[in-house]
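Colleague: Could you take me through this one and tell me what stands behind the labels you use?

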Amino acid sequence: MRTEAKAAVKNSIGRLMFAALGFVIQVVWIIMLCLKLNDYSAAISLGSSVLALCVAFYIYGKDMNAGFKLPWIIAILAFPVLGLCLYFLFGRPGATKHMRQHFEKIDADLEGTLVQDENVLKNLEATDFAVANQARYLWKCAGYPAWQNTDVEFHKTAEEGLEAQKRELRKAKKFIFMEYHAIEESSAFLELKEILVQKAKEGVEVRVFYDDVGSFVFINKDFIKRMEAVGIQCRVFNPMHPFLNIFMNNRDHRKITVIDGKVGFTGGYNLAEEYFNRTHPYGYWKDTGIMLTGDAVRNLTVMFLEMWNAVRKTDMDYDKYLPKVEYTAKEQGFVQPYADSPLDHETTGENVYMNLIKNAKHEIFFTTPYLIITDEMSRELRMAARRGVDVRIVTPGIPDKKIVYQMTRSYYSELARNGVRIYEYTPGFIHAKQCVCDGESATVGTINMDYRSLYLHFENGVLMYHYDAVAEIRKDFEDIFAASTEVTEKYNGRKSVPARMGRGVLRLFSPLV
């Protein structure tokens, strides 16, 4: 377990506790009020029961994932007043309507900054029509075009990624954008900060953006003052507060660095000590990332600008951050950085994974820190294995959250019985979110195979095809398998009735965790 002392930097744990307490008090007060009102008369009690039944039918008929429907339906029918209160507070579709409209305005301002070159799609169609269809989906439904004229460099450890970032940050001439779910103001980030401060002195525009909940154990809002004191613009996404607000559940889980609109980084790692194995709370921490150089970085720049201006719109001229890149790529593959938002009704991250599974001919491999998947994705994985595809999934050997780890393991049996091979990463915690399909296409990014990443968080990934980096990712999987323990046979058999009941309870509540 973690024994290293924290840096002498105040964090936001106290503020989180205060916000959580205020939130809980408001929820309990509303529920108690409704329960007392329900006991006041038989007519109201009957009305609440009828309303519960109507709402249950309404939820059943909604166009949403069944994994979210079932917990609400059971809660409402079993405990009508309590279930209805919780649903109207947390489950109703209009709960984030205001934020959805706010983001739509920002996206309208950014409209036209990304355009799909049809020649790129035609070139991709001539190579692999199935991959071209995937690219077309990401363009038409998510708004992120596919590119050529871009080089991809794979980093098999977060340590490699950090060194590459420092190298490229030193070359910055115009601007630096950094967006991370978690930032810890300790040695790894301080090495980056030293470069950022120097670049700010040289006249480079430097922006740092972080998620409040992701960073609460590391820093507090004084971090913003310290950054701005040395010339670095800094903003926090979706700050914690004690008032009832459902949007608090939607976090910025993205990890993006953009340098001059020409070089971009993303991957699984945050800017905190454990990601670079400078502390070891869960054994060896395995993470990966990629560096893009060339035209495709434009997608990452737009992702950053969307989130930055969603907090406070200050950019009126986006063109200055979206220059025409003067670069000639060494490779002629196809690459498509994409983002996922919980506000657009498009489950982009999950759909990319499922399209890759559907199109796999020989093999498809995944690493994920959490395996809490929908019935639809489970079915695609099982069907791929049953048609002869070598399907493998690697999860951590040492968990960071024990209850979530048990939920992850509750999905093993069904997959293993249908031919999916399950591995646990023996050295420690595997946090990498990557997939490789048939040694030809791959995706690396921030998207876990769980409900939070797939449905509730702002995420990003990079789809790539016909790059040397894909072969390097494939090789990284071989190294991961060699360092892992295969547990397929252990979970292949039929479980006892109590074990299946326990698994059912875990699965029922997993979409809400």
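Modeller: In the largest nonpolar core, with 135 residues, Ile364, Leu381 and Met464 touch the most other members. This is a predicted model, with local features needing pLDDT of at least 70 and side-chain atom pairs 80 or more, while totals for chains, interfaces and linings use all residues. Residues are numbered from 1 along each chain as its sequence is written, and side-chain values use heavy atoms, leaving out hydrogens and water.

Colleague: What makes a set of residues a nonpolar core?

Modeller: Its members are buried Ala, Val, Leu, Ile, Met, Phe, Trp, Tyr and Cys residues joined through side-chain atoms within 4.5 Å; buried means under 20% relative accessible area with a 1.4 Å probe, protein chains only. Helix H12 (residues 297–311) gives the most to this core, nine residues.

Colleague: Why are H8 and H9 called roughly parallel?

Modeller: The axes of H8 (residues 158–169) and H9 (residues 187–201) cross at roughly 10° and come within 10 Å. Angles under 35 degrees count as roughly parallel, so H8 and H9 get that label. The axes are lines fitted to C-alpha atoms over the stretch in contact, with angles from 0 to 180 degrees between N-to-C directions. Residues of their contact (heavy atoms within 4.5 Å) divide into six nonpolar, no polar and three charged.

Colleague: How do you know that E3 and E4 pair?

Modeller: Two strands pair if DSSP finds at least two bridges between them. Five bridges join E3 (residues 205–211) to E4, and the two run parallel, so they meet that definition. One of the bridges links Arg207 to Gln233 in E4.

Technical notes: Helix = DSSP H or I, 4+ residues; strand = E, 2+ residues; numbered from the N terminus. Parallel < 35°, antiparallel > 145°, perpendicular 65-115°, else oblique. Nonpolar A, V, L, I, M, F, W, Y, C, P; charged D, E, K, R; others polar. Buried < 20%, exposed > 50% of the residue type's maximum accessible area, 1.4 Å probe, protein only.
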